[in-house]
Amino acid sequence: GAKRRQYAKLDAMQTGTLIHYVLENIIKEVGSRAISNFSAFEIRSKVQEVLNEYFENNLGKTDDFSERLSYQFLRLLNVITNVVMRISEEFKNSDFDAKAFELRIDEDAEVKSPVISLNDGGTIRIKGSIDRVDTYSNGENEYVRVVDYKSGNKNFELSDVIYGLNLQMFVYLFALCSDETSKYSGIPSGVLYMHSSRKINDISDRKNKEKILSDKADSEYKMQ
């Protein structure tokens with residue numbers, strides 16, 4: 001019999017996947033050096049192009065979207081455009097270049113997963129995926145940093161590291177750099193957490209709302 005029509009929609013997990021997809025594909029296609037020279041208009045146009053591609057491949061033609069999904073599309077366009085503008089500015093002021101995306105660490109992956117021996121005689125194997133790997137070469141040494149895109153609201157706290165918490169990206173960084181067979185191996189040089197979404201802000205001070213929003217954006221999108 002006929003089934004009730006299912007409307008396309010995005011949940012939180014799909015939204016995170018979508019943001020990762022757009023960021024990865026823009027930087028991979030354009031290149032970190034080139035994106036640093038893009039104007040705000042060029043960045044927004046590129047984000048819209050890749051966002052359209054994702055929506056149409058996974059959710060159907062944008063002309064058929066419900067009002068709610070159209071709103072989500074526009075909101076994501078604005079959010080991701082702001083993120084890419086921050087990434088553009090970051091690369092403009094950095095010697096690092098983006099070299100790998102969604103880089104897997106596993107037995108059969110490009111980065112071989114290390115095996116760690118435990119005191120009780122057992123072992124554990126490190127497995128995972130790095131959102132982005134950046135490298136910088138000064139002619140003598142290769143320096144490596146890993147970037148994690150965060151679509152949630154969790155903040156990185158240095159005190160967590162001191163107490164042995166939130167070490168995932170550090171473990172990935174050292175696993176990558178210790179694998180001498182990987183072309184991305186080098187000197188561990190940093191872990192960066194980049195927020196790829198924004199909170200909805202309540203601005204009661206309308207007179208200074210532009211400055212307040214700008215300051216909040218600087219705080220929310222800054223690398224940690």
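Two strands pair if DSSP finds at least two bridges between them, and the strands and helices named below are DSSP runs numbered from the N terminus, with at least two residues (E) for a strand and at least four (H or I) for a helix. The model is predicted, and local features need pLDDT of at least 70, side-chain atom pairs count only at pLDDT 80 or more, while totals for chains, interfaces and linings use all residues. Residues are numbered from 1 along each chain as its sequence is written, and side-chain values use heavy atoms, with hydrogens and water left out.

**View 1. The open sheet has five strands in the order β2-β1-β5-β6-β7, with mixed pairing.** Strands β2 (111–112) and β7 (187–195) stand at the edges with a single partner strand each, so one side of each is left without a neighbour in the sheet. Helix α1 (residues 12–30) lies across β1, β5 (128–137) and β6, running at about 130 degrees to β1; contact means heavy atoms within 4.5 Å, and axes are lines fitted to C-alpha atoms, for helices over the stretch in contact, with angles from 0 to 180 degrees between N-to-C directions.

**View 2. Strand β6 (residues 142–150) runs parallel to β7, joined to it by eight bridges.** Within this pair, K150 has H195 of β7 as its bridge partner, and V146 stands opposite V191 of β7.

**View 3. Strands β5 and β6 pair in the antiparallel sense over six bridges.** Here D134 stands opposite R145 in β6. The hairpin of β5 and β6 has four residues between the strands, and in this hairpin G139 takes a positive phi near 100 degrees.

View 4. Most residues other than glycine have a negative phi. E102, in strand β1 (residues 97–106), has a positive phi of about 50 degrees although it is not a glycine. N166, found in the loop between α5 and α6 (168–178), is likewise a residue other than glycine with a positive phi, near 50 degrees. With buried meaning under 20% relative accessible area, exposed over 50% and partly exposed in between (1.4 Å probe, protein chains only), E102 counts as partly exposed at 32%, and N166 counts as partly exposed at 32%.

**View 5. I162 belongs to a nonpolar surface patch with L158, Y163 and L165.** Together these four residues have about 520 Å² of accessible area, from the Shrake-Rupley method with a 1.4 Å probe, where for residues only the protein chains shown count as cover. Patches are made of residues with over 30% relative accessible area and no salt bridge, like charges being joined within 9 Å and nonpolar side chains (Val, Leu, Ile, Met, Phe, Trp, Tyr) within 5 Å; a salt bridge is a side-chain nitrogen of Lys or Arg within 4 Å of a carboxyl oxygen of Asp or Glu. I162 lies in helix α5 (residues 158–162) and is exposed, with a relative accessible area of 66%.
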